[in-house]
Amino acid sequence: MAALWGAWRCFRSQPGLCRIGRALSSGKSEYDLLVIGGGSGGLACAKEASQFGKKVAVLDFVDPSPKGTKWGLGGTCVNVGCIPKKLMHQAALLGGSLKDAQRYGWNISHPVNHDWSTMAKAVQNYVKSLNWGHRVQLQDKKVKYFNLKGRFVDAHTICGLAKGGKEIAGAQEYGITSDDLFWLKKSPGKTLVVGASYVALECAGFLTGLGLNATVMRRSIPLRGFDQQMAAFVTDYMEAYGTRFLKKCSPTKVKKTEHGRLRVTWKYADSGKEKSDEFDTVMWAVGRAPDTQTLNLEVAGVKTNPATGKIVVDAREATSSSHIYAIGDITEGRPELTPTAIAAGKLLARRLFGQCTDLMDYDNVPTTVFTPLEYGCVGLSEEEATGRFGPDHIEVYHAFYKPLEFTVAERDAAKCYIKMVCSREKEQRILGLHFIGPNAGEVIQGFALGIRCGATYSQLMKTVGIHPTCAEEVVKLHITKRSGADPTVTGC
């Protein structure tokens, strides 16, 4: 793929400052803080630094996807991640609620159909309002915004690159990414999602919930990095929910048919056999790669992990070049989550320009996978706890449960499950909590505070639950995996 870019001249700064200037312009600009990347972390850091009276600028430019999709200020979360994903997930949940409503006495006219265009327009308009809001906030805080790509000329000089010429040459012939899915104006129709990351499963889940034919093709395990028992429950529920799974296979060929559909051929890893099927859309969800090569980091002395391309940082978010820092998804070993990037960005600005010495704590960060049956977790997975402490030094409490809301609606609750991983030491400190069920993020968020404060199993068991809620089931866990007893707990 190729793109043409217009050039910008860069002006060398004094040590500790970053300076940029436009070609053929006599003006020179120096900044106390120059942020490359207008995502959640970068914007948070820039706005926080401005509160200390510092001169701050943000450089942000989005390369269009191979299909030409582009978006505004705010980064992945706002434009092609958390926000549009959660809204489309909500659209799918509303479809399920319409089915439940009939059991609760509501008369629903049939057939019930979903209009993709109406949903997409509403979601996209909201995202655009957030783009505008971010620009207004930067202006209000006197942070200078440049719609440019940043590139190091030396350790203290940044060159801003302005786009010019033809947009994209040699774009990928077939397929889209999740970036494109959120900006489609028309329904994707029968869709193949290649990959089994949380993005892949979330997209396939809401597509199924919207009444579309969705298939997930996965090469290996689902939700890598998450607790694998929980991951299996998530995908098992999705299969029962209507999502098709092609397991242990990889695509080998995509060909456009004379009718305009895409015929995908895939091969199974175990048998080597090939099969094929036709789809309206093929979405690649095989992960994001950090775009660090274009930054010219070598001239600034910034080291990256050759295997991942991510920037290596220390506990202070400092790179191998002492005055250059990195936060967010681009950093090695950090959670790829918006809240951590925002918190890290604010703390970095406070350390640089205030009297703060606090470091970002990346342990026990809660998160949720917004699949049809949501999965929320905080702390260690069972595999991580076993590897770190040994199987004889952990205790796992678990239970199935039935949400009260599922009873009248006669919904399947077979995969609603809670697991708590604890140390076997006397106080049984909670190492990890995992929850599959409705509103998983809301449930886990509350318990995350206790776990960060060192909550123990005995303390949790003394906590009075709110009745009748799904969260209440967490404080009723009493059966261990080690005991071999039946973990089923029925709702009331």
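**View 1. Helices α3 and α6 packed against each other in the predicted model.** In this predicted model, helix α3, which covers residues 82-103, packs against helix α6, which covers residues 198-209, at an angle of about 35° and with the two axes 8 Å apart. These two values are given together because a pair of packed helices is described by the angle between the axes and by the distance between the axes. The crossing in which α3 passes α6 is left-handed. On the α3 side the residues that take part are Lys85, Met88, His89 and Ala92, and they meet Glu202, Phe206 and Gly209 on the α6 side. Sorted by class, this contact between α3 and α6 is made up of three nonpolar, two polar and two charged residues.

View 2. When residues up to four places away in sequence are not counted, Thr208 touches Ala214, Tyr241, Gly242 and Thr243.

**View 3. Met420 in the largest nonpolar core.** The largest nonpolar core has 70 residues, and those that touch the most other members are Trp116, Phe206, Tyr375, Met420, Leu433, Phe435 and Val474. If the neighbours within four places in sequence are left aside, the residues in contact with Met420 are Glu395, Val396, Tyr397, Ile430, Gly432, Leu433, Tyr457, Leu460, Val474 and Leu477. Another core, of 20 residues, lies apart from the largest one, and Val35, Ala46, Ala49 and Ala344 are among its members.

**View 4. Two cis peptide bonds, each ending in a proline.** The peptide bond that joins His110 and Pro111 is cis, with an omega of about 0°, and Pro111 is found in the loop between α3 and α4, where α4 covers residues 116-140. A cis peptide bond also joins His467 and Pro468, here with an omega of about -5°, and Pro468 belongs to the segment that comes after α12, a helix covering residues 457-461.

**View 5. Lys142 and Glu317, two residues with a positive phi.** Although Lys142 is not a glycine, its phi is positive, at about 60°, and its place is in the loop between α4 and β6, the latter being residues 144-146. Lys142 has a relative accessible area of 72%, and because the cut-off for exposed is over 50%, it is classed as exposed. Glu317 is likewise not a glycine and has a positive phi, of about 70°; it sits in the loop between β16 (281-284) and α8 (338-353). With a relative accessible area of 0%, Glu317 is buried.

**View 6. Lys70 in the loop between β5 and α2.** Lys70 is placed in the loop that runs between β5, residues 56-59, and α2, residues 75-80. Its relative accessibility is 48%, which falls between the cut-offs of 20% and 50%, so Lys70 counts as partly exposed. Lys70 and Ile36 are 34 residues apart in sequence, and from C-alpha to C-alpha they are 18 Å apart in space.

Methods: Residues numbered from 1 in each chain as written. Predicted model: local features only at pLDDT ≥ 70, side-chain atom pairs only at ≥ 80, totals over all residues. Heavy atoms only, no water. Helix = DSSP H or I, 4+ residues; strand = E, 2+ residues; numbered from the N terminus. Buried < 20%, exposed > 50% of the residue type's maximum accessible area, 1.4 Å probe, protein only. Axes fitted to C-alpha atoms, helices over the stretch in contact; angles between N-to-C directions. Left-handed = near helix turned anticlockwise from the far one by under 90°. Contact = heavy atoms within 4.5 Å. Nonpolar A, V, L, I, M, F, W, Y, C, P; charged D, E, K, R; others polar. Core = buried A, V, L, I, M, F, W, Y, C linked by side-chain atoms within 4.5 Å.
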